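Morning, everyone. Please bring the structure up on your screens. I'll start with helices and then turn to strands.

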Amino acid sequence: MTWSAAARGAHQPDNTAFTQQRLPAWQPLLSAGIALPLFFCAGLAFIGLGLGLYYSSNGITELEYDYTGNPGTGNCSVCAEAGQGRAPPPTCSCAWYFSLPELFQGPVYLYYELTNFYQNNRRYGVSRDDEQLSGLPSALRQPANECAPYQFSAAGLPIAPCGAIANSLFNDSFSLWHQRQPDGPYVEVQLDRTGIAWWTDYHVKFRNPPLVNGSLALAFQGTAPPPNWPRPVYELSSDPNNTGFTNQDFVVWMRTAALPTFRKLYARIRQGNYTAGLPRGAYRVNITYNYPVRSFDGHKRLIFSSISWMGGKNPFLGIAYLVVGSLCILTGFVMLVVYIRYQDQNDEDEDEQ
Amino acid sequence: AAEKFVLVYVFQKTEKVDFSYNKLADPKFSFYDQTLVEAVKTGDGWVHLFFLSLSLCHTVMSEEKVEGKLVYQAQSPDEGALVTAARNFGFVFRSRTSETIMVVEMGETKVYQLLAILDFNNVRKRMSVIVRTPEGRVMLFCKGADTILCQRLHPSCRSLGDVTMEHLDDFAIEGLRTLMVAYRELDNAFFQAWSKKHSEACLSLENRENKISNVCEEIEKDLMLLGATAIEDKLQDGVPETIITLNKAKIKMWVLTGDKQETAVNIAYACNIFEDEMDEMFIVEGKDDETIRQELRSARAKMKPESLLESDPVNTYLTTKPKMPFKIPEEVPNGNYGLVINGYSLAYALEGNLELELLRTACMCKGVICCRMTPLQKAQVVELVKRYKKVVTLAIGDGANDVSMIKGTFWGFFAAAHIGVGISGQEGMQAMLNSDYAFSQFHYLRRLLLVHGRWSYNRMCKFLGYFFYKNFAFTLVHFWYAFFSGFSAQTVYDTWFIAFYNLVYTSLPVLGLSLFDQDVNETWSLHFPELYEPGQHNLYFNKKEFVKCLVHGIYSSFVLFFVPMGTIYNSVRSDGKEISDYQSFSLIVQTSLLWVVTMQVWPVVVAGAFQIALETTYWTMISHFFTWGSLGFYFCILVFLYSDGLCLMYPNVFQFLGVARNTLNLPQLWLSLVLSVVLCMLPVIGYQFLKPLFWPVSVDKVIDRIHHCMRHPLPPPIRTKVKHASSRRSAYAFSHKQGFGALITSGKTMKGKPKKNSLLFKK
């Protein structure tokens, strides 16, 4: 068998741009004239963006208080001491006093922060049953095996909500009091405890089981609360729209944190005289100290924070953008110098030729 | 190997000449110059004489099994070509006996009486026949090397001779092999006298060769110039060019052939494996171990005297008796040498203790010819090189006897050449059917190696590097996360992302890369064979490159973990709600990862061709489609996997409900993504930029030249003609051995077929 160039053979591939790899291609010849300005422009853009981010983050005020109660750190140390080695710890109250010399620009958000708390631990993270939390009655009676050892109570009743995450629900509570005039009375500042979780979470993802005879309590009949809980899940709040699995404190807690140090939103302050922020004056935060953290060297903090378009105070992005922008420009200069030197050399070579 | 030789006078892409006037013409013969045919038809005496001389002055045997279908058996293909040419122009050499030559001259059968053949040899470089024409004239026709013949011309031909020499020079520059053709009319008496002298010389017992050649000199003078011929060596199209190109790409070529030595050497010269400028050509033709060893060692002593000393590194290495799979390092000779070894000697040389001698000597030579080889020996030679040299071997051949070296499973226990290439030719399909690659012309080897081979290597290396990189970047993020998740083996990504990452999200860009990438297009890679070299030295993917991928992967994973971590650390959304939860973090990291890895295709594509802020990338529509398509596809899948319906249907399987909706619209995510991409690209671009300046490889210079050419386009590269030195332009027109002349005149060969001859005569 011979193949000639002219005759088309039986196995000859199609002579198309695709099969012959002759597709029109974009072959940009990035000369220094394009690459260098690109670097400089990118650098400048990054620096500009970085400055914006940095200042917006810097403009946010934060007020932070560590109420873990290590000895000699304020009056919460009494509670910490009292709870030492006792389970469950006794209910204990302490307070944090602070005064604002000027208006704390609003809207103000109240966060609690835990450190050294590994919500991202794999075994902890899987210890939940999303079917149960989405209100599936079958899952309510038969929680997923991942929940063990918080799957069934000692009495053999299914635990609702099951799992380690739910069992370790953060149960400190706070109330904010404002002293408008010196030596005047403390007036309670309304804390908005709703709208602190993702809308999708408490509307779609977390759902209560169907009511039995119009009662949530009956729906949960035959289940046991997690062992650490003083009261069942349907009594988490007196507000019927904010109790059971859709209780927003619970929902916020169930959205586990990515890192061992994390903040979770406790309340928003936006009612009455406090829409614009916290006015100047003395304040007291009453803390119900329940949650033990000293056993694992953790810390508990309370944070008042304002918000910008970029969210909370976090200088990382701003600084990173500034650094990368500078790096771009620096690299651009290095490339420029190298290019010029190389071109000189090239010219010499060409002259020699 | 079968080579075809065709007589060529003038190359013009015009109509083929119609030879229908001549019934005996060879139908495969094509010719383009109309004027010559016209001259023949009008009966120009000189032209007729010229062709007559071609049809008479040779030692070709003819065979006519079917009437009108002549088959010529020529000692050298050139001779065959010349006689065939004469045949087509109407001077058909039909048959010969020991005393006659039958020629059909323009349809008219004439029988010439063959009086003498003064045969070719290396010293004379010409041959002559003396015939008596039917009219009774005694004529001497002579053809031979122009340098020799022009000294023996009659003074009256001086001016014609000068013109002819000019033409011959032109032909030689074209790479054609030239001959001069002349005749002399002899006086009957003079011839008789000479004939007596000649027979005496032939019968003398002493110094016969000399005497004969002296006698011949006497009669071959005062010749009348008839013309010149030029023969193009139609090995196949582009063989010498291909070999020159492959030589430039530092590919060493060995010819393993069953042909006899002279033919093999001729072909080696013709296709540039041997060159005139070579310092020496060693011929190994010993008949026993010791002679062959001596020949090989003396050859090596000339090429590299120190390689015979005890202190030579290779010798010391060999005396340490290294374990079996050892490789002999490269040795550099002091010049250009060639080696010729025949199959008989090779049988000894391939035996245990001599094979290393053979290999070391042969590998120092620029060209190696092994002739008279059996198929098994071909495989053995390939095997020998493969075993002791750190090289990749490619065997190419067209015959059934090449199968053993091409296929590499001769008798089931050989593993011969790494790559086998078959040429589909006149010698059947066996070679083709057993090869890895098959094509119809030798010169396609150039494209196979320099274009497709090179692309393939580059693509493979880029693919491997990229594949390792993207998986390092993907996996090692978990390493950093372990420090923050209590070493609890928590995965950073959604389980579905892990399942889809290699399969769906990142497979298309890397496929596009490894199917369509062309760092340099075919024109340039053919134009600069040097570009082929990195592959030979394993430059594009080796341990070092692997470590680079690893380091790059570690760096990228570092960026990919810590930039999102810094972004979400103690951070919240602009409505105060959560951003630092595990699921959002997963989404940020995996989206950044995908962007970084996909964008990384870009510098990977550039990698080979980055030069001083100049880069050539090759982005076809398909690359665009694959790259951007797979990113878009990712977001589509994301929306689907995180959709309410799916998550509510299987809450424990699809746990990321609402994460896409809540997190993809955050400026933090996009800012951190851009930051990750830029941070991952910056060092790569910087490295690509600085590498050719600080660690230049020879290829970089070539690429620089290519860029230079692209900016200042040259006229399209002209096909370079192989320049032949005039010193040997005629020397190879004949086989180097004594011709058949004596055999023909003795009539011995004719005895076998008297019937046939007589039959022919009757017609």
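First, a definition: axes are lines fitted to C-alpha atoms, for helices over the stretch in contact, and angles run from 0 to 180 degrees between N-to-C directions. Helices (H or I, at least four residues) and strands (E, at least two) are DSSP runs, numbered from the N terminus. This is a predicted model, where local features need pLDDT of at least 70, side-chain atom pairs count only at pLDDT 80 or more, and totals for chains, interfaces and linings use all residues. Residues are numbered from 1 along each chain as its sequence is written, chains are lettered from A and ligands numbered from 1 in the order written, and side-chain values use heavy atoms, without hydrogens and water.

Now chain B. Helix H17 (residues 444-482) packs against helix H18 (residues 495-505) at about 170°, axes 11 Å apart. That makes H17(B) roughly antiparallel to H18(B) (over 145 degrees; under 35 is roughly parallel, 65 to 115 roughly perpendicular, the rest oblique). H17(B) also bends by about 35° at B:Gly453, the angle between axes fitted to the seven residues ending there and the seven starting there.

On to chain A. One open sheet has four strands in the order E2-E11-E5-E8, paired antiparallel; pairing takes at least two DSSP bridges between two strands. E2 (62-66) and E8 (262-269) of chain A are at the edges with a single partner each, so one side of each lacks a neighbour in the sheet. Inside, E5(A) and E11(A) pair over seven bridges. A:Tyr109 stands opposite A:Ser305.

Last, a hairpin. E6(A) and E7(A) have six residues between them, and A:Asp183 in the turn has a positive phi of about 60°.
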